[in-house]
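Subject: A structure for you to explore

Hello! Here is the structure I promised to pass on. Have a look around first, and then read my notes below.

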Amino acid sequence: MLGRVAGPADSDDALERERRLVERAHAGDREAVGVLLSSHGPALYRSVLLPRLGSEAAARDALSEVYARVVERIDRFTWQNVGFWPWLRTVALRVALDQLRARKRLVVWDAEDVTREVDAAQTVTPVDQKLGEHRERAAARAKVEEALSRIHPRYARAIRLRVLEERSREEVARELDVTTATFDVVLHRAMQALRKALGAPGDAPEGRAVAKRDRAVKDDPPSSEAPDV
Amino acid sequence: MSDPRDRIDDPDAPPSEEERAAAESLRAALEDPARPNEDAALARALSSAWSPRDLAAETHHALVAKALDARSRRRGVVVRVSFGASAALALAAAVLLLVRSDRQPPDTVHAIAAIAVSRSTQPLFPDRFPATGGETARIDRIAMARATDLRDNEFAKWGVR
């Protein structure tokens, strides 16, 4: 059994153990496949699928599909000295991409982003792999920060406190110096503004395409002098 | 009545009745995930990206078991054993063993995805080009096309295309 439960192989010993598992899996050893999936699955769910798909149900379905593909195709995997994780992550990204293309619901990632990630997966180095989950998490947070930077700072703060920090609405209302009823309206407007910034259907002019084009130009930051609700 | 979009852009605008109702709906949906609400779903997507939660261990084990069971089924062997005992005969037992092959090829036999093969660069240049000048641009075009082929071939080899 592998001595750890998540992420890329991070030492020569772990890499060697993983190589042997892959060898056994190629020989038809069901248990070896199970160990490989059990070792990497939780990290794959937490750092690759859930952030991109935005819902636990969707990420669970995707993980199930990833496992089905791995079980079906593991004999096509060629061992390289970066371990099993890069291949598994690429399979997961492609499953996520399929889901993002098929879905209507708005999430932080779009299909175009994940397509770029799949392409970049080709050039991932062993050093990149060692950064593993930390790198994935930083990328996810940067994605959220980037989305929040496109809306009014007051809205961004409301989302940050209530949604990201999961504080109670009463506490956030106090922090923003408004009543809870007013805070509810602020949060509603904040989510509407974010939908607009992310390019929800019907909001094309403010959508992702425009935002991505403008990102290169770097808009002036929104005014912080806007009055409170 | 002002456009609701203007109110979204202006945090200071007084809320309409529709906005109050939508705000209440969002509040309720955030407290009860069973209530469908698009804004609450987006909020959960943000939360999932910001601080993703672990998958429950039992759920994960079930997913692994499901995938491995599917593999066993595909291996095409179904073993059915049944035991029967007759009270009237008291001493008789029946064992039925049925082994059936589903006549599918073994897992190791897969259709290999088509691999891009080496070929002329002529299709990359449908128009005539001058005998001199533009060499770098032409080489770049060839390099980009071949890089795409290489990437596709790698994905095909990995079985993820």
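Chain A has an average pLDDT of 80, and 77% of its residues score at least 70; pLDDT is the predictor's confidence in each residue, from 0 to 100. This is a predicted model, in which local features need pLDDT of at least 70 and side-chain atom pairs count only at pLDDT 80 or more, while totals for chains, interfaces and linings use all residues. Residues are numbered from 1 along each chain as its sequence is written, and chains are lettered from A and ligands numbered from 1 in the order in which they are written.

Where is confidence in chain A highest, and where lowest? Helix α7 (residues 153–164) of chain A has the highest mean, 95, and helix α10 (residues 208–215) of chain A the lowest, 43. The pLDDT is also below 50 over residues 1–6 of chain A, a stretch with 14 contacts beyond near neighbours in sequence. (Two residues are in contact if their C-beta atoms, placed from the backbone, lie within 7 Å.)

Now for the overall make-up. Chain A has 10 helices and zero strands, whereas chain B has five helices and two strands, in the order α-α-α-α-β-β-α. Helices (H or I, at least four residues) and strands (E, at least two) are DSSP runs, numbered from the N terminus.

Of the 229 residues of chain A, 42% are buried; in chain B, buried residues make up 17% of 161. Buried means that 20 or more other C-beta atoms lie within 10 Å of a residue's own, with exposed being 12 or fewer and partly exposed in between; C-beta atoms are placed from the backbone.

The largest nonpolar core has 77 residues, and A:Leu194 and B:Leu46 are among those with the most contacts inside it. Such a core is a set of buried Ala, Val, Leu, Ile, Met, Phe, Trp, Tyr and Cys residues joined through C-beta atoms within 7 Å. Beyond its neighbours within four places in sequence, A:Leu194 is in contact with A:Ala147, A:Ile151, A:Ile159 and B:Leu42.

Finally, look at helix α8 (residues 169–176) and helix α9 (residues 180–198) of chain A: their axes come within 9 Å and cross at roughly 90°. Axes are lines fitted to C-alpha atoms, for helices over the stretch in contact, and angles run from 0 to 180 degrees between N-to-C directions. So α8(A) is roughly perpendicular to α9(A), a label for angles of 65 to 115 degrees. Among the residues making this contact are A:Val172 of α8(A) and A:Phe183 of α9(A).

Enjoy exploring!

Technical notes:
Parallel < 35°, antiparallel > 145°, perpendicular 65-115°, else oblique.
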